[in-house]
Amino acid sequence: MEQKCIDCGKRVPWVIFFGNTILSAFQIFVGLISGSKGLVADGAHSGADVVAALMMMISLNISGREDDETHPWGHGKIEFASALLIYTILVVLAIVLLIDAGEAIISGHVKPPHMAAFVAGVVAVFLNYVLSSYGFCAGNQLNSPSMIANANENRSDMLSSIAVVLGILGANMGFPILDSVAAVLVALIIFRTGLRLWIQAFRNLLDESLPFEKVKLIKDFILQYQAVKDISFLKTRRVGQTVWADIELVVSPKMSVLEGHAVAREVRLALIRRFRHIKEAVVTCTCNENPLTPKIVRGLMREKLASTVKQHAKTAVASN
Amino acid sequence: MATEKDSKKQQQCSPRAGRFDLQDTKRCEKCSTKIGWVSLLVGVAGATVKIIVGVLGRSRALIGSGLCNLSDISSALAVLYGTGLSGKAASTRYQYGFGKLEFIAQVSVGGLMILGTVVMMMSSLIDIGKHTVEMPHMFVFFVAIFSAFANGLVYKYSHCAAKQLNSPALRADAEHNKVDVVSAVLVAIGVMATRAGLYWADPLIAVFEGVHVIHASVVIFWDGFKGLMDTSVPRDYTENIRAKVSRLEEVKKVSSVRARPAGPKIFVDLAVEVDPGLSILESKKLVLYLKRLLRAEDRHVGSVSVQVLPVR
């Protein structure tokens, strides 16, 4: 890629980011002064996007750090944890806007907003159009899916801004309720997006496994190895953009630990090479035969009992 | 006499004693569920009464204190929900179990409480600035004193139980109740001061309470956030496991010990080095033994994964 394009790729997200910040502040300010609930809700919508984008930029930065002593599983989970926080707040914000606008509709205490709100709404539609076109163009040129996704976000903002403009116009043409109706609509959009993304973060934080088909794909890949008789478990979980896996292979009980380790190592390296999302895989070997004869189990029980009795004696001594 | 009593109390409440003795786990879980319910009831009753009395009696501080109770309700719900579901076995979709639900509840509730309190504090400050403070009713005072006692009792029990059970949600709940006691006492003082002529006392107490609530919320939030980030448990804990495991004859070297909390459980990842000639059957025996050993040592240990490597 040309140097010009790389510079441009770095600049575009910032231009869009600042564009959205100014737009959101402008919408909320004019909305509050002119008394248009729809415009305020729309400003909150763009503002939420800005905050989410900012948090994502920060957490992506931290997420890329290598694992250290306090975070032996890496820092990838921060992406989901910060998303959980942002979208919790966003959902509550949507509910507050919804209650505010709903109350106005039910009580009937609605006044048509000042026409300044209309002008601001038109400016918002125009700015959203410019920002999304800019994003689409740059995203296609640079082949960046995240930039295109961002531009899509701006495009949907534009649609909600159009609804708000129509609401303000309708309110001034004799239907004062329409501004609040537009606000309800925008709040519902925020609620839906917030809830969807919240659930997504929630699932990833609960260490949800990959979809069944992907797991099947990985299993089939591993079972190609002759030494692997079966897979006793295959656990996967997402850590940021990457996937971490815990796998236990079933091999012959007579195999030595050295040989078993060689198989496990090969499987691990092949998995990381084959599936580019898998960052780390802990592969261990086991066998189907049960090594614990009743005699050994009895021995273990005795040892456990002895250790607890010892502990009891210790605490008794300490308390005296 | 006093020292004997102290040491007995310490034994009852110390996490170490709880960790190693052969306690009836079922009884403990039942007890935590009970505390969850009691805390929930006190929270619901406290929040309803305080907010209604606060609005009718025109005391912003009491409303703030009621908001604080409201957050208790959510954290008490988290305890009930957490103890019910963390115990639920791992499913094919959630292969690591549901222990992290507690952390998720903490982050959501903590974040919202911080936000809500900031809003409450700002409106109180505006009230002081505009001199729009109204005189609170004397009834507010009695409600505040009564709720301080109720929350004090709940705090005492939930604090002890949290240590015994090692449950982060229960700990958060105890923390809340402590804040509630202080806030209720402050409300009582504020009401008296406002009635004595200091018009700014009531909203000022509301702001102070806000600081309290924010502090408590940040602690809850940060606890949950660290858990969600898979932050390692304290170094002592892993060092203890390392020492225990390396004492075994078959284990030549312990190459790594990682442990992360998932709600009340702790997941342990071990990597040990053994004689390369050992058969897989023998190594399975070692793995099973290690799992039993760690679980016998600490009943909070959840899943244990052991990697057996040939010694280099």
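**A friendly note on chain B**

1. Strand 1 and strand 2 (residues 265–274) of chain B pair in the antiparallel sense over nine bridges. Strands here are DSSP runs of E with at least two residues, helices are runs of H or I with at least four, and both are numbered from the N terminus; two strands pair if DSSP finds at least two bridges between them. One of these contacts joins Val257(B) to its bridge partner Leu270(B) in strand 2 of chain B.

2. A word on the basis: this is a predicted model, where local features need pLDDT of at least 70 and side-chain atom pairs count only at pLDDT 80 or more, while totals for chains, interfaces and linings use all residues. Residues are numbered from 1 along each chain as its sequence is written, and chains are lettered from A and ligands numbered from 1 in the order in which they are written.

3. The open sheet in chain B has three strands in the order 1-2-3, with mixed pairing. Strand 1 (253–262) and strand 3 (301–310) of chain B each have a single partner strand, so one side of each edge strand lacks a neighbour in the sheet.

4. Now the domains: chain B is assigned domain 1 (24–228) and domain 2 (235–310), with bounds from an automatic or database domain assignment. Their centres, taken over C-alpha atoms, are separated by 40 Å.

5. Where they meet, 15 residues of domain 1 of chain B are in contact with eight residues of domain 2 of chain B (C-beta atoms, placed from the backbone, within 7 Å). Helix 4 (60–86) and helix 5 (101–130) of chain B are the elements giving two or more residues to the domain 1 side.

Notes:
Contact = placed C-beta atoms within 7 Å.
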